[in-house]
Amino acid sequence: MHSVDSAAPTWDPQQYLRHSGHRTRPFLDLLARIPHLPDRRRPARIADIGCGPGNVTALIADRWPDAHITGFDLSPEMLERADKDWAGTTAGGGWLDFRPADAAHWTPDEPYDVIVSNAALQWVPNHPESFAVWIDGLRPGGTLAFQVPGNFTSPSHALLGELCETPEWRDRVGDQGRRYVHILEPADYLQRLTDLGCETDVWETTYIQLLQGEDPVLDWVKGTALRPVLTALRDDAEATEAFLAQYRDLLRAAYPPGPHGTAFPFRRIFAVARKGA
Ligand SMILES: C[S@@+](CC[C@H](N)C(=O)[O-])C[C@H]1O[C@@H](n2cnc3c(N)ncnc32)[C@H](O)[C@@H]1O
């Protein structure tokens, strides 16, 4: 059994996967920038921190087909889905498995060639404090690579935080609207990782995502930033509906649909840090 942290938001893999195309793109961009591994005589050992439903973890096997890849996550719901959909032998003869772990305390339990994390470290306070121990756990020439959203001042996220802090909602969800915001700016990641002796590549991109359907930004956020609020209100269907209606109206005004869909700009920050060989 995977253990449950009662303070953590519950995740809904099905809701999260509804936008898997747009969510996968940054990971592919990250993966493409990871340097070749120095030693190809043995299969690579790879960790994916905050692996979610495993669909992104599985993409790592396209790059390193015979690798042993382990996805770590805090959410029993996500791990169950990942296990069901992806665990086992990979097409290239590698191996994929999933284990419970809190990234806040995770330390490499064996030497890794690559440690990756996609769209997860924003939920982990003080994650930069773990960089030293993660890099220590890499083999020489190995890489730590991660991507975090950098759009917390965008209307979708700012409006959520503001709504949570209104008198109507403050007592019930006041501290939930910004619970996931734990990122540094790109230059700070660059400095931290370079200070640790890595050859470091940091960049940012804003994807102008064209979403389809009614209230697509609300649908997107239901899979991620809204999780803490939905978790806090989960025993009160009426309050959930009222909160969602208010937030939906704010989002409709901020992201009006256009003739081809709803443009939802999304800034993301990337870091690839290679340990000396
Ligand atoms: C937005 S999803 C990203 C999932 C996957 N990496 C992807 O790119 O599709 C964030 C994931 O981080 C996980 N997570 C959040 N806090 C965590 C922590 N402290 N330790 C491990 N995983 C965590 C969540 O359970 C969730 O599966």
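**Structural briefing**

The shell around the ligand comprises 12 nonpolar, five polar and three charged residues. The model is predicted. In total, 20 residues surround the ligand, and the closest are G50, G52, S75, A103 and W123.

- Eight strands make up an open sheet of mixed pairing, in the order 3-4-2-1-5-6-8-7.
- The edges are held by strand 3 (88-89) and strand 7 (199-211); each has a single partner strand, so one side of each is left without a neighbour in the sheet.
- Strand 1 (residues 45-49) pairs with strand 2 (residues 68-73) in the parallel sense, over five bridges.
- Within this pairing, R45 has H68 of strand 2 as its bridge partner.
- In general, strands of a sheet pair through backbone hydrogen bonds, either parallel or antiparallel.

**Helix 6 and its packing**

- Helix 6 spans residues 155-164, and its residues S156, L159, L160 and C164 are buried.
- Viewed down the axis of helix 6, the buried residues fall within an arc of 130°, so they line one face of the helix.
- An α-helix has 3.6 residues a turn, so residues three or four places apart point the same way.
- The buried residues of helix 6 pack against helix 7 (170-173), helix 9 (216-222), helix 10 (227-232) and helix 11 (237-254).

**Nonpolar cores**

- The largest nonpolar core contains 53 residues. Those with the most contacts inside this core are I46, I60, V114, I115, L144, A145 and A271.
- Leaving aside residues up to four places away in sequence, A145 touches L30, I34, V114, V116, A271 and V272.
- Another core, of 19 residues, lies apart from the largest one; V173, V221, F243 and F264 are among its members.

- Most residues other than glycine have a negative phi.
- A119 has a phi near 55°, a positive value in a residue other than glycine. A119 lies in the loop between strand 5 (112-118) and helix 5 (131-136).
- N126, found in the loop between strand 5 and helix 5, has a positive phi near 60°.
- A119 counts as buried because it has 20 C-beta neighbours inside 10 Å, whereas N126 counts as exposed because it has 8 C-beta neighbours inside 10 Å.

How values were computed. Residues are numbered from 1 along each chain as its sequence is written. This is a predicted model: local features need pLDDT of at least 70, side-chain atom pairs count only at pLDDT 80 or more; totals for chains, interfaces and linings use all residues. A residue is near a molecule or strand if its C-beta atom, placed from the backbone, lies within 6 Å of it. Ala, Val, Leu, Ile, Met, Phe, Trp, Tyr, Cys and Pro count as nonpolar, Asp, Glu, Lys and Arg as charged, and the others, Gly among them, as polar. A residue is buried if 20 or more other C-beta atoms lie within 10 Å of its own, exposed if 12 or fewer, and partly exposed in between; C-beta atoms are placed from the backbone. Helices (H or I, at least four residues) and strands (E, at least two) are DSSP runs, numbered from the N terminus. The arc is that of the directions from the helix axis to the C-beta atoms. Two residues are in contact if their C-beta atoms, placed from the backbone, lie within 7 Å. A nonpolar core is a set of buried Ala, Val, Leu, Ile, Met, Phe, Trp, Tyr and Cys residues joined through C-beta atoms within 7 Å. Two strands pair if DSSP finds at least two bridges between them.
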